[in-house]
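Let's take a walk through this fold together. Have a look at the model first, then read on.

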Amino acid sequence: MKVFHLNCGSLCPFGLRELYNSFLNKKKGPLENKGHSFVCHCLLIEMSDYLILVDTGLGLKNIEWAAQSYPGAFFTFFDQKRLSISETAFYQIKKLGYSPKDVKHILATHLDFDHVGGLPDFPKAQVHLYRPEFDYAALAPGRYYKKFWDHNPLWVFYDRPTEYWRGLPCIRPLKGIAPEIFFILLPGHTRGHCGVVVETGEKTLVFAGDAYFYNHQLTSDSSFNIPLFLYNNFFQWNKSEFKKSLATLKDLNKELGPDDVLFCSHDKIEFGKF
Ligand SMILES: [Zn+2]
């Protein structure tokens with residue numbers, strides 16, 4: 001197994017860069033606040049005869065549809081995306097010398113546009129998803145951009161967790177995938193939001209998706225800052241579930257071995273360490 005860390009999208013949600021500059025910079029905060037503040041951290045995993053993508057980030061259609069009507073145009077404005085073909089998973093996979101056709105499985109942490117924008121670029125891949133996320137997407141049309149799955153991907157749904165991993169409900173094994181790669185349930189950001197664990201044999205990677213937003217949240221709960229307050233209060237499906245998931249991750253973070261890594265989707269500093 002070989003794991004690549006890809007940034008498949010650079011974002012700077014409207015207004016947040018200014019807030020970072022005015023608050024965090026003075027306090028030597030954890031964020032780099034020049035340029036695009038957020039990455040879309042995705043994993044590409046090379047197995048013996050196929051590839052797995054964990055989230056797709058922004059894809060070719062995000063670029064093609066950027067100026068189209070809501071929600072595409074709204075999010076293009078709000079998130080101030082870089083929208084570069086060179087950041088798509090499709091492009092980066094080819095640059096690494098693979099064929100996008102070899103992506104047989106995509107594990108989606110959830111269905112927000114910055115995590116599944118690349119689904120149409122891999123139409124033959126099986127897309128693994130915790131079913132409550134799909135059901136929630138049907139009920140929350142304003143949040144989701146369903147065009148990203150208009151092509152009817154080969155969904156592989158999971159209705160419920162199968163066991164526990166370090167106290168977290170998990171779904172393991174995933175259909176057709178080695179048991180070293182599996183979902184952990186981290187609801188709150190969205191109803192069916194999951195993280196993904198990858199046990200490489202040498203270390204354990206815990207990809208938390210949007211269960212937190214930047215690393216500071218794992219180690220501090222005392223310092224108040226406006227971007228974090230806004231994020232915690234306006235972008236979560238369920239605040240108390242979100243807090244529960246975050247508390248679990250904080251505990252997990254203390255228990256992980258020195259080589260193990262817990263990381264989320266959008267923290268640019270975390271991404272830079274790989
Ligand atoms: Zn996100």
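Strand β5 (residues 126-130) runs parallel to strand β6 (residues 154-158), and 5 bridges link the pair. Strands here are DSSP runs of E with at least two residues, helices are runs of H or I with at least four, and both are numbered from the N terminus. Two strands pair if DSSP finds at least two bridges between them. Across from His 128 you'll find Val 156 of β6.

α6 lies across β5 and β6, at about 85° to β5. For such angles, axes are lines fitted to C-alpha atoms (for helices over the stretch in contact), and the angles run from 0 to 180 degrees between N-to-C directions.

A quick word on the model: it is predicted, so local features need pLDDT of at least 70 and side-chain atom pairs count only at pLDDT 80 or more, while totals for chains, interfaces and linings use all residues. Residues are numbered from 1 along each chain as its sequence is written.

β5 and β6 belong to an open, mixed sheet of 6 strands, in the order β1-β2-β3-β4-β5-β6. β1 (2-11) and β6 are the edges: each has a single partner strand, so one side of each lacks a neighbour in the sheet. From one strand to the next, the twist averages 25°.

At the β1 end, β1 and β2 run antiparallel, joined by 8 bridges. One of the pairs is Leu 6 with Cys 42 in β2.

## The core

Cys 42 turns up again in the largest nonpolar core, which has 66 residues; Cys 42, Leu 53, Ile 106, Phe 183, Val 196 and Ala 208 touch the most other members. β2 (residues 38-46) gives the most to this core, with 7 residues. A nonpolar core is a set of buried Ala, Val, Leu, Ile, Met, Phe, Trp, Tyr and Cys residues joined through C-beta atoms within 7 Å.

## A proline in a loop

Pro 173 sits in the loop between β8 (168-171) and β9 (181-185). Buried or exposed? Pro 173 is partly exposed, because 13 other C-beta atoms lie within 10 Å. The cut-offs are 20 or more for buried, 12 or fewer for exposed, and partly exposed in between, with C-beta atoms placed from the backbone.

How values were computed: Contact = placed C-beta atoms within 7 Å.
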